[in-house]
Structure formats: structure tokens, C-alpha cells
Amino acid sequence: MEKAIITVVGRDQVGIIAHVCQFLSKANINILDISQTILDGYFNMMMIVDMSLAKESFSDVCDQLEDLGNHIGVYIKLQHEDIFNKMHRI
Amino acid sequence: MINLFEVNETNKMIEQENLDVRTITIGISLLDCIDANIDTLCQNIYHKITSVAEHLVETGENIEKKYGIPIVNKRISVTPIGLIGASVCQSTDDFVKIAKTLDRCAKKVGVNFIGGYSAIVSKGMTPAEKLLIQSIPQAMKETELVCSSVNVGSTKTGINMDAVKLIGEIIKETAELTKKQDSIGCAKFVVFCNAPDDNPFMAGAFHGVSEADAIINVGVSGPGVVRKAIQTAKGKDFGELCEIVKKTAFKITRVGQLVAREASAALNIPFGIIDLSLAPTPAVGDSIADCLTEMGLERVGAPGTTAALAILNDQVKKGGVMASSYVGGLSGAFIPVSEDQGMIDAVEAGALTLEKLEAMTCVCSVGLDMIAIPGKTSAKTISGIIADEMAIGMINQKTTAVRIIPVIGKDVGEKVEFGGLLGYAPIMPVNPFSCDEFIDRGGRIPAPIHSFKN
């Protein structure tokens with residue numbers, strides 16, 4: 001399993017999760033966990049996904065998610081989970 | 001499992017507090033390039049560097065993308081050229097030829113800087129090393145990305161005062177030759193005491209002879225993150241303050257360790273060390289000075305500054321050592337003036353002087369760094385400043401360095417603009433009294449008593 005974290009931040013609106021999920025489904029990326037909250041009127045979501053069967057490379061998926069974010073007006077970032085594990089776990 | 005809070009904390013560090021990995025530096029040994037013909041030597045050097053470091057920049061960019069963290073610089077350090085050119089260089093021009101080859105290599109592989117135009121002369125100079133030192137002004141003028149350093153002393157050997165005297169003259173000459181660009185040549189040259197073999201930071205990086213054929217060293221950064229953490233400790237006692245800085249340094253270093261391991265695997269080059277240095281940039285908030293003022297000082301330079309810096313430096317090391325098994329290089333807080341907006345502000349407000357900076361270097365990782373002084377300062381006065389700083393390093397068994405820029409044609413009250421990561425600096429006044437007779441003595445300051453440990 002190759003776990004990665006997707007974070008989505010932006011002004012709340014209809015269909016943010018739908019857009020992202022649709023993209024992930026097409027890219028053959030499996031969602032393992034979703035947590036989401038509204039913070040000061042801002043939509044804040046974190047997804048843990050499995051990239052091991054993804055159709056495209058990590059770096060391409062990164063770019064495409066960024067484009068999708070620009071399209072729907074939110075900020076989307078994809079990062080390998082190791083950066084968080086290393087920083088927050090001994 | 002990782003939670004939203006932790007993810008947000010990490011990304012806030014990256015996006016709002018300027019957390020980055022400052023540099024991935026490949027150290028490359030050039031010992032196997034040595035030849036009796038200068039042109040063959042240069043060809044060997046070009047071939048070796050461009051093949052070993054061919055994928056460095058691309059690898060760095062892939063890692064940036066994978067973890068979503070900027071890696072600001074990709075650099076190369078090489079074996080001190082004073083050794084590599086020893087058998088073949090008959091003149092300063094021969095050495096400059098090697099410098100130009102290094103410059104071409106750096107441009108070919110797309111790195112930001114290449115370090116190692118260096119000589120280790122802490123006890124004495126070979127004729128070749130003397131030639132290399134004499135070639136530094138011309139080399140700094142004719143190249144763009146080459147950095148140079150000279151180690152003139154160590155705790156084990158004492159201080160080579162002949163070299164210190166010569167370096168004073170070399171700095172002046174470098175300033176003259178690059179005066180059209182505000183003497184920027186001097187920003188690419190640093191003089192050391194106790195220089196480490198595995199430093200990934202410029203201008204002082206070189207690949208020591210104790211190192212393997214090639215090695216990956218990584219320099220982390222993050223003064224903005226540390227400052228933000230100190231902010232949360234407002235009014236708390238020193239115990240709690242230290243705990244917070246230490247924990248933050250741990251987190252920063254773990255990211256560096258991750259990047260270093262990843263780069264090492266991707267390039268198939270062994271991992272050397274993580275350098276824990278907190279390195280500021282001119283970006284607002286990415287400042288060591290701000291960390292110190294956040295502890296409760298009105299300005300850097302106020303009484304208490306040296307103690308505050310000592311705390312910062314020590315806690316960064318304690319947190320960092322826990323996060324990585326191999327720590328080396330300079331590892332501490334850098335206190336450059338021109339590269340740190342808080343430092344610049346302190347100088348302009350009259351809070352920070354050259355003398356206070358010298359005191360601060362006793363407890364931080366390097367020394368007098370990126371300090372602009374009047375162009376009229378004499379070579380011997382510059383040698384005197386270097387001698388003081390080297391003495392601090394020698395006696396305290398630590399690395400100290402001087403990177404000072406006598407800006408030709410400018411005086412106290414004026415500013416100098418270097419651009420980019422080098423920032424800008426107000427010209428600082430220098431003590432006007434002479435040390436000429438002291439510098440003219442020549443010879444060597446003996447090693448201190450506590451160096452005899454055998």
C-alpha cells in the first residue's frame with residue numbers, strides 16, 4: 001500500500017467532495033479515510049488514500065489535483081504520508 | 001493514524017512559516033581526477049561532476065513534489081582544489097582555469113552553487129595552496145557559482161597567522177575586482193577555524209579528504225517555525241521555553257532526515273549527515289533575530305542577546321540529535337546580517353554592533369557572516385577581525401567563520417544590495433584603531449593547552 005494524504009482547503013460550496021471523489025475514482029485511487037470540518041467558514045478536508053494502483057505517477061496526480069482545485073476554486077494538495085509520520089511519530 | 005490536526009500543523013509550517021529543506025548537497029571527491037596536465041585535469045573534473053550529479057536537480061524536484069515541501073537549493077561540494085591542483089598548477093591562472101571548469105559543471109547540472117575552491121592551511125601553506133589563495137580574487141570575479149573557503153586555524157594546530165594576514169589582502173582585492181557589483185565576490189568567500197569536512201552550506205562547503213567518493217548531506221532550516229513556536233511560550237519560564245524549541249527542532253529535522261534518505265536512495269549515493277542549522281532568509285518572519293526578540297528582547301543586540309542565542313542553539317541541537325542518527329556540518333543557528341531582516345533592522349536601529357555580533361558567535365554555530373563594512377577598511381584591520389574570530393573558534397573547540405564584505409566606494413550610513421538569498425545590508429562601522437603591528441608579526445599562534453588530549 002502506498003498511502004498519501006490529500007488536503008483540501010477553501011470557501012465552502014456544494015460538490016467539493018463529489019468533485020474530488022470522482023477524480024480519484026477515475027484515477028483508480030482508493031479512499032481509506034476522510035475527515036472534514038468547517039473552520040471559520042472554510043472547508044477543511046483531509047483524505048487518506050492508497051496510491052498503489054493509481055493509473056498515473058505520483059507527480060502527475062499532484063498536478064492534476066492542483067488543476068482540479070483551481071477549477072473549483074479550492075486549494076488541493078497531495079503529499080506522501082511519510083512527511084507526517086516522520087514529523088509527528090517517534 | 002495521522003489526523004487532520006497533525007496534517008494542518010505540518011502544512012501550516014510549510015505554507016505560512018517558511019519551513020523548507022535548505023539544501024541537498026552532494027559531496028564529490030575529485031582525488032581520482034588528478035593529472036599532470038591541466039587540461040586533462042579539467043576534463044576529468046568536468047566528467048566526474050557532471051556524471052555523479054547529473055540527476056541531482058531532477059531528484060530534488062521529485063522529492064519536493066512527493067512531500068509537498070520546498071527544497072530551496074541543490075548544491076555540490078568538492079575536494080579542496082588546493083589539493084587537486086597541487087601537482088599541476090604553476091600559476092594563479094592555472095587555478096582560475098579549474099574554477100571556471102567548476103562553474104561550467106554547476107551550470108551544466110543546474111545547481112545553485114558549487115563549493116570547494118578551498119585550501120586547508122591551518123598549520124602551514126604548500127606553494128600550491130598559497131597560489132590558490134592568491135587566485136581567489138580573480139576566480140571570484142570570473143565565475144558565478146563557485147564558492148571559496150580557506151581554513152586558517154584549528155584547536156589542534158593553532159592559527160596560521162601568515163595565512164590570516166594574506167587573507168585580509170585577498171578579501172580587499174576580491175572586493176576591488178568585483179566593485180561594480182558592490183564587491184559581491186566577497187560574499188562567495190569565507191575563512192574558517194575548525195572547518196567541518198561535511199558542511200552542506202555555502203559559501204563554506206567542501207568535500208573533506210576523510211569522506212567517501214560521493215555523499216549526500218542535507219541542510220534543514222526553519223527559523224520561522226521556531227519563532228512561531230516560541231510565540232506560544234510567551235511568559236513561560238526557561239524550562240518550558242527550551243522544551244518547545246527542542247520539540248520543534250525535532251520535527252524540522254525529521255523532515256530533513258526523510259528528504260536525505262529519499263535523495264540517497266534515488267541517486268544511489270550514501271547518506272552522510274543532516275546539518276541542523278537554522279538558516280534564515282530575507283523573507284519576512286524567516287529570521288533568527290525574530291526568534292531572539294520573541295524570547296523577550298526589544299531588539300537583537302540588547303543585553304541578554306547572547307544568552308538567548310545560546311538557548312536557541314543548544315535546544316536546536318538537542319531536538320535535532322534525537323531526530324537523526326547522523327548529525328554533522330555546522331549544526332546550530334546562523335546569524336548572518338544581510339540574509340536576515342531582523343538583523344538588518346537591529347543594525348539600522350543602532351542596537352547591534354560588530355562587537356556584539358562577535359560575542360554572539362561564541363555561542364552559535366558559525367561566525368561573522370555577511371557583514372558589510374566600509375570599503376576603506378584596511379587589509380590588516382580585516383585580518384585583525386579574522387584573527388579574533390579564529391581565536392574564539394580555536395579556544396572554544398568550535399567552528400567559527402568570517403564572511404565579511406568591504407564594499408568599495410561605500411561607507412557607514414549607506415546600504416548594499418546583493419539580491420536573492422543574500423539580501424541587503426547596511427554598512428557597519430569598524431573599530432578605527434590599528435592592529436597593524438600585531439598582524440605584521442607573522443608566524444603561527446600555538447595550539448591551546450586543552451588541545452593536548454593524547
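B:Ile404 touches B:Ile171, B:Cys186, B:Leu368, B:Ile371, B:Ile373, B:Ile382 and B:Ile385, leaving aside residues up to four places away in sequence. The model in which these contacts are found is a predicted one. B:Ile404 is also among the residues with the most contacts inside the largest nonpolar core, together with B:Ile114, B:Val152, B:Ile167, B:Ile216 and B:Val259.

That core has 175 residues. The element that gives the most to the core is helix H9 of chain B, residues 238-267, with 11 residues. The core draws on both domains of chain B: at least three of its residues come from domain 1 (23-193), and at least three from domain 2 (218-442).

The chain as a whole can be described next. Chain B contains 15 helices and 13 strands. Its C-alpha trace spans about 65 × 55 × 50 Å along the principal axes. A compact globule of 454 residues would have a radius of gyration near 22 Å, and the 21 Å of chain B therefore agrees with that expectation. Of the 454 residues, 60% are buried; a residue counts as buried if 20 or more other C-beta atoms lie within 10 Å of its own. Sequence separation gives another view of the fold: when contacts between residues at least 6 apart in chain B are taken, 79% join residues at least 24 apart.

H5 covers residues 92-109, and its 18 residues reach 26 Å from the first C-alpha to the last, close to the 26 Å expected at 1.5 Å a residue. Which residues of H5(B) are buried? They are B:Phe95, B:Val96, B:Lys97, B:Ile98, B:Ala99, B:Thr101, B:Leu102, B:Cys105, B:Ala106 and B:Val109. An α-helix has 3.6 residues a turn, so residues three or four places apart point the same way. In H5(B), B:Leu102, B:Cys105, B:Ala106 and B:Val109 are among the buried residues. After H5(B) comes B:Gly110, which has a positive phi, near 80 degrees.

The last topic is the contact between the chains. Chain A gives 21 residues to this contact and chain B gives 18. On the side of chain A that touches chain B, two or more residues come from each of strands S1 (3-11), S2 (30-39), S3 (42-50) and S4 (75-80), and from each of helices H2 (58-72) and H3 (82-88). H3(A) has the largest share of this side, with seven residues. By class, the side of chain A that touches chain B consists of eight nonpolar, eight polar and five charged residues.

Definitions and conventions
Residues numbered from 1 in each chain as written. Chains lettered and ligands numbered in written order. Predicted model: local features only at pLDDT ≥ 70, side-chain atom pairs only at ≥ 80, totals over all residues. Helix = DSSP H or I, 4+ residues; strand = E, 2+ residues; numbered from the N terminus. Rg over C-alpha atoms; globule rule 2.2 N^0.38 Å. Buried ≥ 20, exposed ≤ 12 C-beta atoms within 10 Å, placed from the backbone. Contact = placed C-beta atoms within 7 Å. Core = buried A, V, L, I, M, F, W, Y, C linked by C-beta atoms within 7 Å. Domains from an automatic or database assignment. Expected span 1.5 Å × (residues − 1). Nonpolar A, V, L, I, M, F, W, Y, C, P; charged D, E, K, R; others polar.
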